[in-house]
Amino acid sequence: MKEIKNVTLTIGGRPAGRMLMGSTDQAQREFTDLDVLSFTEWYDVDPITEQLEGAAHSVPWKGRKVYFVWLHGSPGLSYVDTDDGSASVSGPTLGRYLRRRPSIRQLKPPHDIVFLECWSDALPSGQTASASYDAPIPVDPWGSKSQAQHTLDSLQVDRAYAPNRVLMLMSGPTPVHGVVTTAAGDLGGFHELRREPDPGTLDELSRIAGLYGLLPESQELRKTTLRLVRGLRQTFGVSVEDDRDNPAGTYQALLSGLGALELMRRADVAHAGRGAFTPELLNRIARVHTGQSSLVHARPTPPSSSDVQATLLAARAALDADSTLDLSSFVALPSVDRALELLRGSDEDARARQVLQIPPGQSLSALDRQALLWATVAAVEAVDNHPEPEALIRQVLHLADYETVDLPLDAETLLWTAAEAAAVGRDIYNPVALAAYDLQRNDALGTGTQMTTQTGRAAGRNWTVMTFTDRIETEFYTVTDPATNTTTSEWMPWDSSVDPYILALEPGNGPDTIIMPWPNQTERSIPYEELAELLRHDTYFQRSLPLDSGLVVVGLDEGSSRKLGDVLSKRQALGRRVFTPQYSLDLEFDGKQNELFLAMTTPQTDRNADWKMHLPEPLATAASGPVVKGSKQGNPQAATSAQLSPAATAPVGGPRAGGRAAAPAIASPREVAGSRGDAIVGGRSGMGVQRNPDRSDAYLRSSPTTDPTQTRFSVAEFSAVGVTLDQDQQAYAALAGGLTPAEAGLSAALTNQLQRNASRVESSLAYGAVPEEPRRRTRPAVPRNDSSDSDLAYGSDNGTPHPANTPQNF
């Protein structure tokens, strides 16, 4: 790797770390190295408010000698700037680059690495990682390594520390470091990592596990043993290895027990050949063995570490007593048996393509079959033989009132729909989440429903059956006085930092529902809660910060808009500000600009009363962090909704009394000429509503426009999904501009992950690939929590280097 922009971080003239960021990042981060590197505490940060929550946590490396590596990142990738622009790098590549740095080579044990990099210890999954959502779960956790683990192993340093979620650095008299929680308050943190065992150590551990001699190929044996090592680390934490070398210690007993289960699994005809040992299997074994009961068709509570430990010790004792024991004789796993029965009774290849959404023509791998099995097991546990099958089928599959339930056929469709949803990480025990997934299957989030600005930014969804362009104006709205028919153009109610998202809706056939167009040119009534769950998986919300995004509801009456606003703003839904109109609001067409705009009708003259702002509820635990410069201490969002206060800045046009900007006195947001346009949707105003006979194309499920098997991907992109290329493949990739999945010998599942991950990185806004240029046009400053670098959506660590440090090219 050459020409990476970087700078040495020093404390007292001693090299203490390396910042791998471009000149713009360096200029934006104007702290001293001492401020950045000498912190001993960190805080939880609420992603909804970007405020500190709770008491400080001590850093886990306190009192140890450490070297800091500071850069942007996302699960499975790091991002650096070169003279040719931004680039993504894999963990091994980053490790090889850092090994060449003199400051790294001069480190003497014991010296640990601290990664100041977002998502550094999150396992790669190929799915979008959002600042306020749970981290996506990888297909094979025991077969995956985080970016920090890859880099640590390549550096050949024994220990490191890395955050598993987004990292922030907030300014003040003393800069404060924070790790962002989920919207629900689930915590992240700095995790300790240890170098994975070398081949010789793995051979010794395979003997302890009782696996030595099980496989004739030493590499396969080491791979199997390494899975067990990772399994213990992920189940009990890395500190489980503290007594690894003590034959009478806990670690060797646990490894021996896990090895016993692996031997039982391989001896079992039903389970052998179904992929590798997985955490899904271990959890079910532990629940059954310890007698954990759970409600039927309800998400079970994961087994505790003590339950797993008891299970592993019992497994070793049972196998020592009977060396022929198989897994089915040790525990009964009825849901797994039922899933295997279903798969044996169908065309398994076709079922795998359906559930895992694998294109035709791609061969299936062992990992694909493993993923299919556990998606099917999850579906069996959630919906098979449900006590109220007809009600669940109607809700999830959106059967129309006139459609009857064909119980055998529809129950089968329900089960495999649930398997599809489980394969992509949805909560299939929640009927609302399962129904929202069915909406996606029916193209509710397809390109046919997307509205955009003139610049092409995603700016909303159109779920009506009306005809109009997909372009929409998001900076202005018009207000018409019905008595005088005079129209003025007004600034939208949000401050200039917000990228708004407008929902064009029609009221449904029942209370608290909206209309959703259906592929067969019919429509369905969708509850508000289901709409909220659907929007959680809209790319816009996955890639945007809560404080940088807001919703506008148009098309419902004022009362219904307010109810929907309260639902959408909740933390368990979108956790965003939602703006609902206080008066009649229509969506109209500006023919001159060829775009839609929002048009309000009211005789009222107070523009500050036009909108109601719905806010997410505060976290259950009150904020008790230190006062930070620019931070609003306490919780300013004590209410879930409030009448919109005057904006405190004027985007353009000069200040207006009350603090709002003086918008141009024109009606069609850009220019008003003649009478108002026809209302397209909004409050059933009856102003020229039309149906579009050609719109049925938008309801057809979109198909991929490119074949991922013919696309060339970089070495870093392969590494991001856990594929390590050999030296010949890397050399060929350098000459050919990348490799196709076939040239790399990828399975169908990995090919799909590779395509999704590449698309995610290319769109860039969710991760650490921060461009040198600002990501939005320049707007005046706004009164928000400017103490933090609001770069969360990029996955940046929001830090700042010493301004005197200048980048060097290597």
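The model is predicted, so local features need pLDDT of at least 70 and side-chain atom pairs count only at pLDDT 80 or more, while totals for chains, interfaces and linings use all residues. Residues are numbered from 1 along each chain as its sequence is written, and side-chain values use heavy atoms, with hydrogens and water left out.

**Overall picture**

The chain has 23 helices and 28 strands. Both are DSSP runs numbered from the N terminus: helices are H or I with at least four residues, strands are E with at least two. Of its 810 residues, 56% count as buried. Here buried means under 20% relative accessible area, exposed means over 50%, and partly exposed is in between, with a 1.4 Å probe and protein chains only. The chain exposes about 33100 Å², and carbon and sulfur atoms supply 50% of that. Those areas come from the Shrake-Rupley method with a 1.4 Å probe; for residues, only the protein chains shown count as cover.

As for contacts (heavy atoms within 4.5 Å), take the ones in the chain with a separation of 6 or more: residues 24 or more positions apart account for 71% of them.

**Salt bridges**

A salt bridge here is a side-chain nitrogen of Lys or Arg within 4 Å of a carboxyl oxygen of Asp or Glu. By this rule the count comes to 33. The table shows some of them.

| Pair | N to O distance |
|---|---|
| R64 and D112 | 2.5 Å |
| K145 and E196 | 3.5 Å |
| R369 and D349 | 3.2 Å |

Start with the salt bridge between R64 and D112. R64 lies in the loop between β4 (51-58) and β5 (66-70) and D112 in strand β9 (residues 112-116), so the pair ties together parts that are 48 residues apart in sequence. R64 is partly exposed at 35% relative accessibility, whereas D112 is buried at 3%.

K145 sits in the loop between β9 and α5 (147-155) and E196 in the loop between β13 (190-194) and α6 (199-209), so parts 51 residues apart in sequence are tied together. Are K145 and E196 buried or exposed? Both are buried. They also belong to a network of salt bridges that links K145, D153, E196 and R230.

Then there is the salt bridge of R369 with D349. This pair links distant parts of the chain, 20 residues apart, with R369 in helix α14 (residues 366-383) and D349 in helix α13 (residues 348-356). R369 is partly exposed with a relative accessible area of 26%, and D349 is partly exposed with 33%.

**A helix pair**

Helix α14 turns up again in a packing with α9 (residues 279-289), at an angle of about 40 degrees and with the axes 11 Å apart. Axes are lines fitted to C-alpha atoms, for helices over the stretch in contact, and angles run from 0 to 180 degrees between N-to-C directions. The two helices are therefore oblique to each other: angles under 35 degrees count as roughly parallel, over 145 as roughly antiparallel, 65 to 115 as roughly perpendicular and the rest as oblique. On the α9 side E280, L281, R284 and R287 meet W374, V377, A378 and E381 in α14.
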